[in-house]
Amino acid sequence: MIFTIACKELKTLFASPLAWTLLALMQLVLAWIFLWRLDAFLEIQSQLLQIANPPGVTEIIVAPLFAMAAVVLLMATPLLTMRLIAEERRNHTMTFLISAPISMTDIVLGKFIGLIIFFCSVIVLAAVLSLSLLAGGTLDVGLLLSNAAGLLLICACFTSLGLYISCLTAQPAIAAAGTLGALLGLWVVDIAADDADSIMRNFSLLKHYENFNRGMIDTFDLAYFALFILTFLVLAIRRLDGERLRG
Amino acid sequence: MNEQITSATISARGLCRNFGNHAAVREINLELKRGEVLGFLGPNGAGKTTTMRMLTGNLAPSAGSIEICGIDLLDRPRDAKARIGYLPETPPLYRDLTVDEYLQLAARLHRVGNVNLRSVLNEAKQRCGLNDVGRQLIGSLSKGYQQRVGIAQAIIHNPDVIILDEPTVGLDPNQMREIRTLIRELGAERSVILSTHILPEVESVCDRVQIMHQGRMVFNDSIAGLKQKQINLEEVFAQLTLDNGSSGDIQSS
């Protein structure tokens, strides 16, 4: 059932030009950054040779590419999550799902997974972009995988938050604005937490992502992401269930 | 066992629903047998839609119990919901999907196996006259066809109970006639609840009629009984819902 809903989400997503436009624009931005980093690498390549233990091509090109990809996805996610529940409500199709013999958990998880599959395609595109470097050298595959895993997790966090906010309203635009606000809020927390041992530092999404970006997979970061995703998914399910009770 | 199932497909007792301090539905009892078409009447705001939303599990009742084919809707919602087909007032359609895609989705969500999918889909399309539009986007269809897709969605999983909320609104007279014929066909083997404002429709399609007013059930009789007593449904409706005071008299007459 969860998979049926995920399929339906993907089908309606790709039936609209929004998904294609976003994919194309994101790829354009990522390609631009990729080329810019590549340029920078070629420029400093000769100097790098003189250092004893020089950073590789993965650290100079791929890591910044994925760091930037997280920011691009932060901007794009609200546009995709806003439709999840709010649009179903506005089009009166929520009844269709609720009348079917499936639980709210199925609905929420199905929608969540559907969007994650979409984001996987973005991540794969970014990874393929990086893999093109193999044509002229070697890559640190471990670092690339750590980056991809981190990006997937942070996407899942964005999605779960956006999904919850989409449950709160029947207006997709409000859901989008709310999600963007909340995500930017988590960004600002990151800036405010610049002094090393501030407790706010632990709440910042992008701070946790940075570790993945450096190729360090820490259980603390994993736990943080898992808790973040779980919390907002549970909140979304509870919210929809509560609506049936309160009307 | 089979005997028991045929006896009552829907049985709701003491159904209440409050929205804050406002009681939208009060103490409604409803019983429906297989092969029966129930006409559900009442002025706007009488609580018809609220009742239907409760019967389909879209809204939790404040009090009372609902059983679908002997399965408690509140205790085992998944099993009970699998036996209901529901067409809300606004057909719940995804405009970006084609008719086939949408009906397949409806069938899958209602646990129709992959083996039967094709035949079930063709049968629903056949019944609702959708054979020619299977590959069209729902958004591009006319209102009448969209309504038919809505009905097809409600009957595709072969439910025991079909609940239709104003299915003929906005249709032209020919389409109305077609849909009424369809409802009569469906009613032969299942139970149908039909909410409408068109009184002749009730007289031509339904076996029994219930009238709601201000959240209460004020009238419940069979169409045959009405004809026997030579009572005009329109008069009954006007008297019951315009002037609350005299309702008791009419029911007894």
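1. The largest pocket of this predicted model holds about 470 Å³ of space. Its lining consists of 19 residues, and those nearest the centre are M94(A), T95(A), I98(A), R53(B) and N58(B). By class, the lining of the largest pocket has seven nonpolar, six polar and six charged residues.

2. Of the 17 residues that line the second largest pocket, T12(A), R83(A), E87(A), N91(A) and D96(B) lie nearest its centre. At least two lining residues come from each of α1 (2-15) and α4 of chain A, and α1(A) provides the largest share, three residues. The lining of the second largest pocket divides into eight charged, five nonpolar and four polar residues.

3. Between the chains, 24 residues of chain A touch 27 residues of chain B. The two chains bury about 2,400 Å² between them, with 65% of that area on carbon and sulfur atoms. On the chain A side, F96(A), P101(A) and R244(A) lose the most area to chain B and together account for 30% of what that side buries.

4. The interface of chain A and chain B contains one salt bridge. R78(B) forms a salt bridge with D106(A), with the closest N and O atoms 3.8 Å apart. Seven residue pairs are in polar contact across the interface. On the side of chain A that touches chain B, α1, α5 and α10 of chain A each give two or more residues, and α1(A) gives the most, with six residues. The residues on that side of chain A comprise ten nonpolar, eight polar and six charged.

Conventions
Residues numbered from 1 in each chain as written. Chains lettered and ligands numbered in written order. Predicted model: local features only at pLDDT ≥ 70, side-chain atom pairs only at ≥ 80, totals over all residues. Heavy atoms only, no water. 1 Å grid on protein atoms, 1.4 Å probe; cavity = no way out; pocket = protein on both sides within 12 Å on 5 of 7 lines; lining within 4 Å. Points joined across faces, edges and corners; volume = space filled by probe spheres on them. Nonpolar A, V, L, I, M, F, W, Y, C, P; charged D, E, K, R; others polar. Helix = DSSP H or I, 4+ residues; strand = E, 2+ residues; numbered from the N terminus. Contact = heavy atoms within 4.5 Å. Buried area = accessible area lost by both parts, 1.4 Å probe. Salt bridge = Lys/Arg side-chain N within 4 Å of Asp/Glu carboxyl O. Polar contact = N/O pair within 3.5 Å; in protein donor to acceptor, adjacent residues only side chain to side chain.
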